[in-house]
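Me: Could you walk me through this model before I set anything up with it? I'd like to go from the overall layout down to individual side chains.

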Amino acid sequence: MIENNCVVSIEYEVKETGSNEILDSNKGEKPLEFIMGAGHIIKGLEEAVAHMEEGEEKEVIVAPANAYGEYFSEYVQEVPRDQFSGIDLQQGMTLFGQGENGETVQVIVKDFNDDNVIIDYNHPLAGKELHFIVKVLGVREATENELNCGLHSGGHHHEGGCCGGCGCH
């Protein structure tokens, strides 16, 4: 069992269950590193990886509730086209905006006409059961800096440590 606060490196490929289309993969590329228990990856994959050992590869099926959540039709809204002035709208495009509390929100343009735009606030993978092939490439204890700041590019930190210049606070 991989304990919380360990840095885990994985190689993965993910498809929607029942599809041959690869949604995402890092095979043959830089491993994905995350701190176990920190919520850096979807819950269902993290729970599966926690029960693996270094060097082990397995297939993991993750239900929507443990991935990107269920799909909610009420998250699809029609808004006036004039809110998108200056944007060359295209069906399926992803846009980022600001929510009511100042947070960044992602929407997908479902459809549009001269007057209105139909946008979807659901995550693109909401409601989908995901099929991962995952291999644990490495496991090590996280440093104090990593626990305080999180992982940076490849786990390397800037001079001065977490509070002295890495920009994480």
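What follows is a conversation that goes from the chain as a whole to its cores, its strands and its charged pairs.

Me: First, what kind of model is it, experimental or predicted?
Reply: It is a predicted model.

Me: OK, how many helices and strands are in the chain?
Reply: The chain has 2 helices and 9 strands, and from the N terminus on the elements are ordered β-β-β-α-β-β-β-β-β-β-α.

Me: And how many residues are there, and what share count as buried?
Reply: There are 169 residues in the chain, and 33% of them count as buried. The accessible surface comes to about 10,400 Å², with 43% of that belonging to carbon and sulfur atoms.

Me: What about contacts between residues at least 6 apart in sequence, what share join residues at least 24 apart?
Reply: Of the contacts in that class, 60% join residues at least 24 apart.

Me: Let's go inside. Which residues of the largest nonpolar core touch the most other members?
Reply: That core has 23 residues, and those touching the most other members are V8, I10, L45, V49, F132 and V134. At least two core residues come from each of β1 (6-16), α1 (43-50), β4 (57-62) and β9 (130-141), and β1 gives the largest share, with 5 residues.

Me: Is there another core apart from it, or what else is there?
Reply: Another core, of 8 residues, lies apart from it, and its members include L89, V109, V117 and I119. In general, nonpolar side chains tend to be buried together in soluble globular proteins.

Me: Back to F132, what is it in contact with, leaving aside its neighbours in sequence?
Reply: Once neighbours within four places in sequence are left aside, F132 is in contact with Y12, E13, V14, I42, L45, K58, E59, V60 and V62.

Me: You mentioned α1. Is that helix mostly covered or mostly open?
Reply: α1 is mostly covered, with 6 of its 8 residues buried, namely G44, L45, E46, A48, V49 and A50. The elements covering these buried residues include β1, β3 (32-35), β4 and β9.

Me: Switching to strands, which way do β5 and β8 run, parallel or antiparallel?
Reply: Strand β5 (residues 76-80) and β8 run antiparallel and are joined by 5 bridges; in one of the pairings, V76 has D120 as its bridge partner in β8.

Me: And what joins β7 to β8?
Reply: Strand β7 (residues 104-112) also runs antiparallel to β8, and 4 bridges join the two. V109 has I119 as its bridge partner in β8, and a hairpin through 3 residues joins β7 to β8.

Me: Now the charges. How many salt bridges does a search of the whole structure find?
Reply: The search finds 4 salt bridges, and I can go through some of them. One of them is between D120 and K110, where the closest N and O atoms are 3.7 Å apart. This pair links distant parts of the chain, with D120 in strand β8 and K110 in strand β7, 10 residues apart.

Me: What about K15, which side chain does it meet in a salt bridge?
Reply: The side chain of K15 meets that of E13 at 4.0 Å, N to O. K15 is found in strand β1, and it counts as buried because its relative accessibility is 19%, with the cut-off for buried being under 20%. E13 counts as buried too, at 14%.

Me: Which residues is K15 in contact with, beyond its sequence neighbours?
Reply: Leaving aside those within four places in sequence, K15 is in contact with N20, E21, I22, L23, E129, L130 and H131.

Me: Last topic, the surface. Which residues form a nonpolar patch there?
Reply: F72, Y75 and Y121 form one, with about 280 Å² of accessible area together. Y121 sits in the loop between β8 (116-120) and β9, and it counts as partly exposed because its relative accessibility is 36%.

Notes: Residues numbered from 1 in each chain as written. Predicted model: local features only at pLDDT ≥ 70, side-chain atom pairs only at ≥ 80, totals over all residues. Heavy atoms only, no water. Core = buried A, V, L, I, M, F, W, Y, C linked by side-chain atoms within 4.5 Å. Buried < 20%, exposed > 50% of the residue type's maximum accessible area, 1.4 Å probe, protein only. Contact = heavy atoms within 4.5 Å. Patch = residues over 30% accessible without salt bridge, like charges linked within 9 Å, V, L, I, M, F, W, Y side chains within 5 Å. Areas by Shrake-Rupley, 256 points an atom, 1.4 Å probe, with all protein chains shown as cover. Pairing = 2+ DSSP bridges.
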